[in-house]
Amino acid sequence: MKQAPDAPLKQLDDWDDFVATRYRQGKSEEEFRNYQADANPTVTEFYRQNHAYQTFDFVIQKKAEYCGLTRGKKSIWEMAEFLNTLVDDSDPDTDLTQTEHLLQTSEAIRKDGHPRWFVLAGFVHDLGKVLCLYGEPQWAVVGDTFPVGCAYSDEIVFPEFFAANPDSKSAKYQSELGIYGRHGGLDNVHLSFGHDEYIFQVTRKYVPEEAQYMLRYHSFYPAHRHGAYRHLMNAHDEQMFEWVRKFNEYDLYSKGRERPKQREILPYYQELVAEFFPEQIDW
Ligand SMILES: [Fe+2]
Ligand SMILES: [Fe+2]
């Protein structure tokens, strides 16, 4: 399959795999710092685009486009089916579908005895990747997220690629706080646009706040993994990030487990989804 110029990744999941490698359990700090060696050229090119094109204006424009949820009504299940159409050059015998990836995450959460809303968050957390099927380039769908409108943290991977972002030349966007207030709260901060923000907006009316944080910030690695941007967070964010960190363990490490037995577990998930969501929701 020929790659579009704005689609350096062979599969969208190549980004997830790179992140999982970066934080492989037991990796020393030194091994971690060497993450560039783990990034193949397509992943590197992906970050080059992501850091160059995710400007403040771009984020505002995409939020206006998608966060009003005007793309019609669909059930969670219809969207999961739709997302499964994403990978068109996969090997059906070995590659997991997107739904299977989601079920691996949620099943790992369920096995550890966490509350039902936590399992639910695992099951829906990557549905926002349908942005790709709406025609958004990879760099606007996945990637570690970071605030726009203030200075870039060195804890973001490949920080050198921000030199190509026009915002890096703007004094008002490059002070520590930029356009934001100290400890003004993350709800007021615009992060680079992607599948986290979209699934948060779609589900926010239906899931508890802890789950909202998990969905909205699960790719915000500079903050939940490295403690960056605490000057933008308020005390409530700090509390809620405990949940984001808990969630991240499952997001990172549940891949590569056994293939979920979909037929067996489906009734549980049908009941779970129906408990929190009406039949159809706005996307
Ligand atoms: Fe994700
Ligand atoms: Fe994920």
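A residue counts as buried if 20 or more other C-beta atoms lie within 10 Å of its own, as exposed if 12 or fewer do, and as partly exposed in between, with C-beta atoms placed from the backbone. This is a predicted model, in which local features need pLDDT of at least 70 and side-chain atom pairs count only at pLDDT 80 or more, while totals for chains, interfaces and linings use all residues. Residues are numbered from 1 along each chain as its sequence is written, and chains are lettered from A and ligands numbered from 1 in the order in which they are written.

**View 1. The whole protein.**
The secondary structure comes to 13 helices and two strands. Helices (H or I, at least four residues) and strands (E, at least two) are DSSP runs, numbered from the N terminus. The C-alpha trace spans about 55 × 40 × 40 Å along its principal axes. The radius of gyration, taken over C-alpha atoms, is set against a globule rule of 2.2 Å times the number of residues to the power 0.38. For 283 residues a compact globule would have a value near 19 Å, and the 18 Å of the protein agrees with that. Of the 283 residues, 40% count as buried. Two residues are in contact if their C-beta atoms, placed from the backbone, lie within 7 Å. Among contacts between residues at least 6 apart in sequence, 79% join residues at least 24 apart.

**View 2. The largest nonpolar core.**
A nonpolar core is a set of buried Ala, Val, Leu, Ile, Met, Phe, Trp, Tyr and Cys residues joined through C-beta atoms within 7 Å. In soluble globular proteins, nonpolar side chains tend to be buried together. The largest core here has 67 residues, and those that touch the most other members are Trp15, Ala121, Phe123, Val124, Ile199, Met214 and Val244. Beyond its neighbours within four places in sequence, Val124 is in contact with Ile76, Ile199 and Thr203.

Two packed helices are described by the angle between their axes and the distance between the axes. Axes are lines fitted to C-alpha atoms, for helices over the stretch in contact, and angles run from 0 to 180 degrees between N-to-C directions. Angles under 35 degrees count as roughly parallel, over 145 as roughly antiparallel, 65 to 115 as roughly perpendicular and the rest as oblique. The axes of α8 and α13 (residues 262-276) come within 10 Å and cross at roughly 105°, which makes α8 roughly perpendicular to α13. Arg116, Val119, Leu120 and Phe123 of α8 meet Tyr269, Leu272, Glu275 and Phe276 of α13. This contact has six nonpolar, no polar and two charged residues. Here Ala, Val, Leu, Ile, Met, Phe, Trp, Tyr, Cys and Pro count as nonpolar, Asp, Glu, Lys and Arg as charged, and the others, Gly among them, as polar.

**View 3. Helix α10 and its surroundings.**
Seven of the nine residues of α10 (residues 209-217) are buried, so this helix is largely enclosed by the rest of the structure. The buried residues are Ala211, Gln212, Tyr213, Met214, Leu215, Arg216 and Tyr217, and they pack against α8, α9, α11 (221-224) and α12 (235-253). The axes of α9 and α10 lie 7 Å apart at an angle of about 150°, and the two helices are therefore roughly antiparallel. The contact is made by Asp196, Glu197, Ile199, Phe200 and Thr203 of α9 and by Gln212, Leu215, Arg216 and Tyr217 of α10. By class, the residues of this contact divide into four nonpolar, two polar and three charged.

**View 4. Arg216.**
Arg216 lies in helix α10 and counts as buried because it has 24 C-beta neighbours inside 10 Å. Leaving aside neighbours within four places in sequence, Arg216 is in contact with Asp196, Glu197 and Phe200.

**View 5. Phe146 in the loop between α8 and α9.**
Phe146 lies in this loop and is buried, with 25 other C-beta atoms within 10 Å. Phe146 and Phe220 are 74 residues apart in sequence and 6.3 Å apart in space, C-alpha to C-alpha. Not counting residues up to four places away in sequence, Phe146 touches Tyr152, Ser153, Ile156, Leu191, Ser192 and Pro222.

Most residues other than glycine have a negative phi. Phi of Phe158 is near 50°, a positive value. Phe158 is found in the loop between α8 (116-124) and α9 (195-203) and is partly exposed, with 17 other C-beta atoms within 10 Å. His183 has a positive phi of about 55°. His183 is found in the loop between α8 and α9 and is partly exposed, with 14 other C-beta atoms within 10 Å.
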